[in-house]
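This briefing concerns the sheet and the nonpolar cores of the structure shown below. Please keep the sequence and the model in view while reading.

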Amino acid sequence: MEHFLVLSKVNKSYAVGDSRLHVLKDIGLQVERGEYLTILGPSGSGKSTLMNIIGCMDTLDTGGYFLDGEPVHEKGDSELTILRNQKIGFIFQKYHLIPQYTALQNVIMPLLLRGMSRAEAIAQAEESIRLVGLTERIRHRPNELSGGQQQRVAIARALVTKPALLLADEPTGALDSATGKEILKLFSELNDAGNTIVMISHDEGVAKASKRIVTISDGRLEA
């Protein structure tokens, strides 16, 4: 069976003055379709760089990356942008909602950018908002929502394009513990519904909400 996501001997370094900082070292990872995985590691471990490569926001130096059968490591910037927009839904710690837009307007944006008709986009966005349990707040702006509700809007926006992969970067980092648990429960429900989720976290308690944990330390991945 073909794995959904494969990283093979991935290396990444950055120039620092006259030398190079080796951030990722021979990373190997396989993720199956429908998995819920956390990449766990402390600050400076390389997890953010790894997330950027998985999310097609950065490129590797050497090695291979395949996502849903596509050789990501062979693609140029414009192709990576297309792949990122078509295949990946991003959920960030800080929500990144447009403050003057309602929940519906924030969620509908990716669909309108794709050229979908407004009527079809509204129907799809309303369904996405329903999935995260926020229908009664659909006309509210971010400043009228709690942190947990704002994160649910961000999750609905990530879901609305029906991505192959949900990539979540410290999704509970800006929330209190009780609200964080609600968001993690939602993630489990989304995974049970068939969504493939890769979460990045420094918090072992958060990581335990997923079904598999891999640890990154000093640029190396440990199963």
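The model is predicted: local features need pLDDT of at least 70, side-chain atom pairs count only at pLDDT 80 or more, and totals for chains, interfaces and linings use all residues. Residues are numbered from 1 along each chain as its sequence is written, and side-chain values use heavy atoms, with hydrogens and water left out.

**The sheet**
- Six strands form an open sheet with mixed pairing, in the order β6-β7-β8-β3-β9-β10; strands are DSSP runs of E of at least two residues, and helices are runs of H or I of at least four, numbered from the N terminus.
- Two strands pair if DSSP finds at least two bridges between them.
- β6 (88-91) and β10 (220-222) each have a single partner strand, so one side of each edge strand lacks a neighbour in the sheet.
- On average, neighbouring strands are turned by 20 degrees against each other, direction ignored.

**Strand β3**
- β3 (residues 36-40) pairs in the parallel sense with β9 (residues 212-217) over 4 bridges, and 5 bridges join β3 to β8, also parallel.
- The bridge partners of I39 are V214 in β9 and I200 in β8, while L40 has T215 as its bridge partner in β9.
- Because 5 of the 5 residues of β3 are buried, the strand is largely enclosed by the rest of the structure; buried means under 20% relative accessible area, exposed over 50% and partly exposed in between (1.4 Å probe, protein chains only).
- Y36, T38 and L40 point one way from β3, whereas L37 and I39 point the other way.

**Helices on the sheet**
- Helix α1 (residues 47-54) lies across β3, β6, β7, β8, β9 and β10 and runs at about 155 degrees to β7; angles run from 0 to 180 degrees between N-to-C directions of lines fitted to C-alpha atoms, for helices over the stretch in contact.
- Helix α6 packs on the sheet and touches β3, β6, β7 and β8, at about 155 degrees to the direction of β8.

**Nonpolar cores**
- The largest nonpolar core has 34 residues, and I155 and F187 have the most contacts inside it; such a core is a set of buried Ala, Val, Leu, Ile, Met, Phe, Trp, Tyr and Cys residues joined through side-chain atoms within 4.5 Å.
- α5 gives the most to this core, with 6 residues.
- A second, separate core of 31 residues includes V10, I27, Y65 and L221.
- Beyond its neighbours within four places in sequence, F187 is in contact (heavy atoms within 4.5 Å) with residues including Y36, I91, I155 and M199.
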